[in-house]
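Please keep the sequence and the structure in view while I talk.

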Amino acid sequence: MYCSNCGAFVPEQAKFCPECGGGVQQLPQNADSGATEAADTQQAAQAGGYGAPQQPSGYGAPAANAQPAVPASGYGASTYGGAQPAPKSSYNAASAYGAAVAGGNKEQPKEGKGKKKPIGLIVAAAAVLLAAAVLIPVFMRASKNKKMEEAAFLYEAGDYAAAQEKYLELGTFENAGEQAEACQLAMDYEAAVAIMDSGDHAAAIGAFNALGSYEDSMELKTECQNQLDYAAAIAAFEAKDYGTALPAFKLLGTYQDAQEHVKECENAIAYEEAAALKQAGDYTQAAAQFLALADASYLDSLEMGKECLYKDAEAAYEQGAFYQAYKKFSDSELAEYSDSAARAAACVQEHPKTGILFQHEDYKKSQCTIKFEPSKDGNVTLIKIYTPENLLIGVLFIREGATAQIKVPAGKYIVKTAYGKQWFGEEDMFGDDGTYRTLLEYGEAVQQFDKNFIYTFTLRTTGGNLGGQSENPNSF
């Protein structure tokens, strides 16, 4: 059967139309006979015209000679002014079942009876599609945003592998690709730190170098390099290869205790050099280096310095450099060392006898006399006479309270005088404690001595007519 609302085919026993959803009423059992009668009536009407108008039952008395209307499909079809086609809402038994009508005529298709598409259903479907087109992308974006948040949470929690997996699943969504790369960098950084912590600094340097400027990779790379350099410097130091260790520690700057090791290496090198000097018999330099190291309390430098200083003093004494030996034995470093005090006293020489210690053979003519009378001030006096050409012609020594004289050819001479209390021999004279001067007459060092005259010099007195200027002991 067909739907009375939309004309769509409806299976038997169905209560609702599958197209429009309208209700379907089942026909009574005499539906077939009713349909046949309705068809005969319709054919009669078509053959003999519409005839006289008929009044449907229930609407007053029937017209004369009028036949009552036959109900079709249980609904009844009333006509006004002659037979009319059944309305679209009426059930047409002949079209529904294809029954044969009188005269053997077959059912002919009804024109204009095609299926109609419900406008409301099409609009609803379009609305659904439109809503889907809008909502699905929204739902998808919300889902991706949620995954981005989950990935970010994992990243902050340090689970970079899980975070990277989610970012990769998001593909090109927003900055997921960049975040995936950030996760990889973080994992590479953790791996580099782990390598560094394991002590494999050489491998860690390569790992941090690959990371470039990520986080503090360059600082950690430098730290690894410093660790390697420091370890190499320590190895050289422990092997007593101070020449190699020293520059290595210097390059490390303020890293860890590098500066302390620099000083240690310098001291060790200086100690080795001092030991070599001692071995070679250069006690002067050896003593100086050992005693310099003693200020840093390095090893046994102080004892070694004293030993070298004592040996150096002995060498000076044996060479006749009594004043130099005296100073070395009297050094404060040797104050309590061995017999230094007694050796220092032995360096002071006995005063020579008053008189001439030396006179040049060419200047022994007795043409004039030069006499010296030092003041009694507790000092002994040494006199030296030179020609203007700086040729030494005579040396005199005068003990305290005594006088001395020398006869020389007439001519021009320079007179120099020195005095002191301790005598260390003609080489060192009075040492640094003596006074050394050149006598001046009217400001001139060169004085004229004439034949047959006696010239008397009263030394270290006040109110005299001679002046003097200080002289260097080495040029006296």
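This is a predicted model: local features need pLDDT of at least 70, side-chain atom pairs count only at pLDDT 80 or more; totals for chains, interfaces and linings use all residues.

Let me begin with helix α4, residues 160-169, and helix α5, residues 176-197, which pack at an angle of about 160° with their axes 8 Å apart. Residues are numbered from 1 along each chain as its sequence is written, and side-chain values use heavy atoms, with hydrogens and water left out.

As for the terms, helices (H or I, at least four residues) and strands (E, at least two) are DSSP runs numbered from the N terminus, and axes are lines fitted to C-alpha atoms, for helices over the stretch in contact, with angles running from 0 to 180 degrees between N-to-C directions. Angles under 35 degrees count as roughly parallel, over 145 as roughly antiparallel, 65 to 115 as roughly perpendicular and the rest as oblique; α4 and α5 are therefore roughly antiparallel to each other.

The crossing of α4 past α5 is left-handed, a term used if the near helix is turned anticlockwise from the far one by less than a right angle, with clockwise being right-handed. On the α4 side, Y160, A161, A163, Q164, Y167 and L168 are in contact (heavy atoms within 4.5 Å) with A176, Q179, A180, C183, Q184, A186, M187 and E190 of α5. The residues of this contact of α4 with α5 comprise 10 nonpolar, three polar and one charged, where Ala, Val, Leu, Ile, Met, Phe, Trp, Tyr, Cys and Pro count as nonpolar, Asp, Glu, Lys and Arg as charged, and the others, Gly among them, as polar.

In the loop between α4 and α5 sits E174, whose phi is positive, about 45°, although E174 is not a glycine.

The helix α5 also packs with α7, at an angle of about 15° and with the axes 11 Å apart, which makes α5 roughly parallel to α7. Here Y189, V193 and M196 of α5 meet S217, L220, E223 and C224 of α7, and this contact divides into five nonpolar residues, one polar and one charged.

Leaving aside neighbours within four places in sequence, C265 is in contact with F237, Y242, A245, L246 and F249.

Helix α12, residues 322-329, is mostly covered, with six of its eight residues buried, and here buried means under 20% relative accessible area, exposed over 50%, and partly exposed in between (1.4 Å probe, protein chains only). The buried ones are F322, Y323, A325, Y326, K328 and F329, and their cover includes α10, α11, α13 and α14.

Finally, S338 lies in the loop between α12 and α13, and because its relative accessibility is 59%, S338 counts as exposed. S338 has a positive phi of about 50° although it is not a glycine.
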